[in-house]
Amino acid sequence: MDGQRLDRWLWCARLVKTRSLAAKLIEGGKVRINGERALKVSRHVRLGDVVTGTGAGAGRLFVVRVTGETERRGPAPIARSLYEDLTPETPPSASGVARIEVHRGLRPTRRERRRLEAIKAVDA
């Protein structure tokens, strides 16, 4: 192939949930190909291109190298074979302590509250 439309490739590679979301990201300037901002959804990606994007679900960053193209969107294992993930690792938290998540959206349990207080005491 001579390349594939960027919006379609992002969708087929399962980096975005829908093609319309891919189009919004591209038109909003959130996607780059080889360091250059892609402003048209019809821009073609080719093998070896590095695609960088932000905003695809909770503002996460992705950096991938294109290793394949496909005509149709397929299962996740096939989608993962379309790119090589180059996304940098996220740095650990400043205090070095793992983040404690409070479940259910309710008040923290005793255990969770004590752990939170211990972390606050270390930071203070």
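How many salt bridges does a search of the whole structure find? The search finds four, a salt bridge being a side-chain nitrogen of Lys or Arg within 4 Å of a carboxyl oxygen of Asp or Glu.

This is a predicted model, in which local features need pLDDT of at least 70, side-chain atom pairs count only at pLDDT 80 or more, and totals for chains, interfaces and linings use all residues. Residues are numbered from 1 along each chain as its sequence is written, and side-chain values use heavy atoms, with hydrogens and water left out.

**View 1**
Helix α2 spans residues 19–27. Helices (H or I, at least four residues) and strands (E, at least two) are DSSP runs, numbered from the N terminus. The buried residues of α2 are Ala-22, Ala-23, Leu-25 and Ile-26. They lie on the same side of α2 because they cover an arc of only 165 degrees around the axis. That arc is taken from the directions from the helix axis to the C-beta atoms. Lys-24 and Glu-27 are exposed on the other side of α2. Buried means under 20% relative accessible area, exposed means over 50%, and partly exposed is in between (1.4 Å probe, protein chains only).

**View 1. What covers α2, and what follows.**
The cover over the buried residues of α2 includes α1 (6–12), β2 (31–33) and β5 (50–54). Contact here means heavy atoms within 4.5 Å. Just after α2 comes Gly-29, with a positive phi of about 80 degrees.

**View 2. The network at Arg-5.**
A network of salt bridges links Arg-5, Asp-7 and Arg-19. In the bridge between Arg-5 and Asp-7, the closest N and O atoms are 3.2 Å apart. Arg-5 is partly exposed, at 32% relative accessible area. Asp-7 is buried, at 4% relative accessibility.

**View 3. The bridge between β7 and β6.**
Glu-84 and Arg-65 meet through their side chains in a salt bridge, at 3.6 Å from N to O. The pair links distant parts of the chain, 19 residues apart. Glu-84 sits in strand β7 (residues 83–85), and Arg-65 in strand β6 (residues 61–66). Glu-84 is partly exposed at 37% relative accessibility. Arg-65 is partly exposed at 31%.

Glu-117 and Arg-113 form a salt bridge, with the closest N and O atoms 3.6 Å apart. Both residues lie in helix α4 (residues 110–123). They are four residues apart, about one turn of the helix. Glu-117 is partly exposed at 44% relative accessibility. Arg-113 is partly exposed at 37%.
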